[in-house]
Amino acid sequence: MYVHVPFCATRCGYCDFNTYTAQELGPGATRSTYADTVIAEIRLARAAIADDRSVETVFVGGGTPTLLGAPDLVRILDAVSQEFGLAPGAEVTTEANPDSVDPAMLAHLREGGFTRISLGVQSLATHVLATLDRTHEPGRSLAAIAEARHAGFEHVSADLIYATPGETNDDVRESVSAVIEAGIDHLSAYSLIVEEGTRLAAHVRRGTIAAPDDDVAAERYVLIDELATSAGLDWYEVSNWARPGGECRHNLGYWTDQDWWGAGPGAHGHMAGRRWWNIKHPVAYAQCVEVSRLPVAGEETVDDAGRELERVMLGMRLVQGMDPDGLPDAEVSDLLALRLIELQVHDQHGVRIALTRQGRLVADAVVRRLTP
Ligand SMILES: C[S@@+](CC[C@H](N)C(=O)[O-])C[C@H]1O[C@@H](n2cnc3c(N)ncnc32)[C@H](O)[C@@H]1O
Ligand code: SF4
């Protein structure tokens, strides 16, 4: 189960997620009524799904879910649990901004059944945070990690963004070392993407912020990989590292073609080969749920060719790679000769091909060569 929370206190200049500040939303969709609306969708979902499996993972993402406060987040989780049941040992994550949590809130979330926190740290360099329009001080991120651990969260993740213009290798080195030192068991690191329509894109167009450089991003990726690996966090997906057992089971579900319900404005769902997406704007979304209709904006059925394409696109990004059977032989041989992929023999999975570190730097190009 994915639950989207489309609110942020301010919008970061680089971000094009489906999220809104109070000012952008105006009246008609408020944070105070949001939990009830999404709970109503979860109840409609229960009635629509002819499937009695319990939920293995819940991921509350955003936006900034923690802006709702712990009582609302726990109420949403309780509704998932009442309607579907949580499987024993279910993973329950919420994303959080470092400046939207405090010790009391983290304790409440932990007691209420959340098992994992994913904090948007982005960087610990003040000048990088300023370029990214982040509102928190570097020290706040480290304190939030420590507070989450203290509240009893065994699983704490940090998101970092690298290759921001003006950032140095030392900035990255210090950010990665400090978040690991503070107690995370999972790291996501994304190279800064200039998304169309964002303030960052306008700056880049005007030349007031330089465009991120691909070669710098590659160098930073290698640095992050070395630092994480030497601290005991192994890569398990191109942009994700974890201590053994700290892998995000929810995201692994997306990457291995599992079924999930996506609740909230703009959320995507996928069950039994059918994919759908919800109405994007929170006001229109809420109006639909209020009249007891599922807020679906569109849907598609993924055909066999589409499924195979996704299997390669997502499977090749994972550490265990994939079975080369059915992939184009000449391309596989060529990529092996270029050392962008390597052959592995797994007890569990048999013969596989997987990305080398060099291959991870050009993962999209590798996938393109392996797909029609
Ligand atoms: C939906 S955000 C939620 C996290 C939370 N709202 C926060 O920002 O602290 C998930 C992550 O996506 C990443 N992200 C968003 N836009 C990005 C971009 N344009 N380039 C690279 N990473 C981006 C950030 O690392 C962010 O933490
Ligand atoms: S990065 Fe996070 S806090 Fe910033 S606008 Fe996007 S969702 Fe909101």
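Which residues come nearest to ligand 1?

1. This is a predicted model. Around ligand 1 stand 16 residues, and Asn-97, Gly-120, Asp-159, Tyr-190 and Ile-193 come nearest.

2. The ligand shell draws on the strands. S2 (55-62), S4 (116-122) and S5 (155-162) each give at least two residues to the shell around ligand 1. By class, the shell holds seven nonpolar, six polar and three charged residues.

3. Now the sheet. It is open and has nine strands, ordered S7-S8-S6-S5-S4-S3-S2-S1-S9, with mixed pairing. S7 and S9 (262-263) stand at the edges with a single partner strand each, so one side of each has no neighbour in the sheet.

4. Strand S3 (residues 86-96) pairs with S4 in the parallel sense, over four bridges. Thr-94 stands opposite Ile-117 of S4. Helix H7 (residues 169-182) packs on the sheet and touches S4, S5 and S6 (186-191). The direction of H7 makes about 175° with that of S5.

5. Next, the domains. The domain assignment gives domain 1 (2-255) and domain 2 (305-370). Their C-alpha centres lie 28 Å apart. Contact involves nine residues of domain 1 and eight residues of domain 2.

6. On the side of domain 1 that touches domain 2, helix H9 (214-230) and strand S7 (234-237) each supply at least two residues. H9 gives the largest share, four residues. That side of domain 1 has seven nonpolar residues, two charged and no polar.

Key. Residues numbered from 1 in each chain as written. Chains lettered and ligands numbered in written order. Predicted model: local features only at pLDDT ≥ 70, side-chain atom pairs only at ≥ 80, totals over all residues. Near = placed C-beta within 6 Å. Nonpolar A, V, L, I, M, F, W, Y, C, P; charged D, E, K, R; others polar. Domains from an automatic or database assignment. Contact = placed C-beta atoms within 7 Å. Pairing = 2+ DSSP bridges. Axes fitted to C-alpha atoms, helices over the stretch in contact; angles between N-to-C directions.
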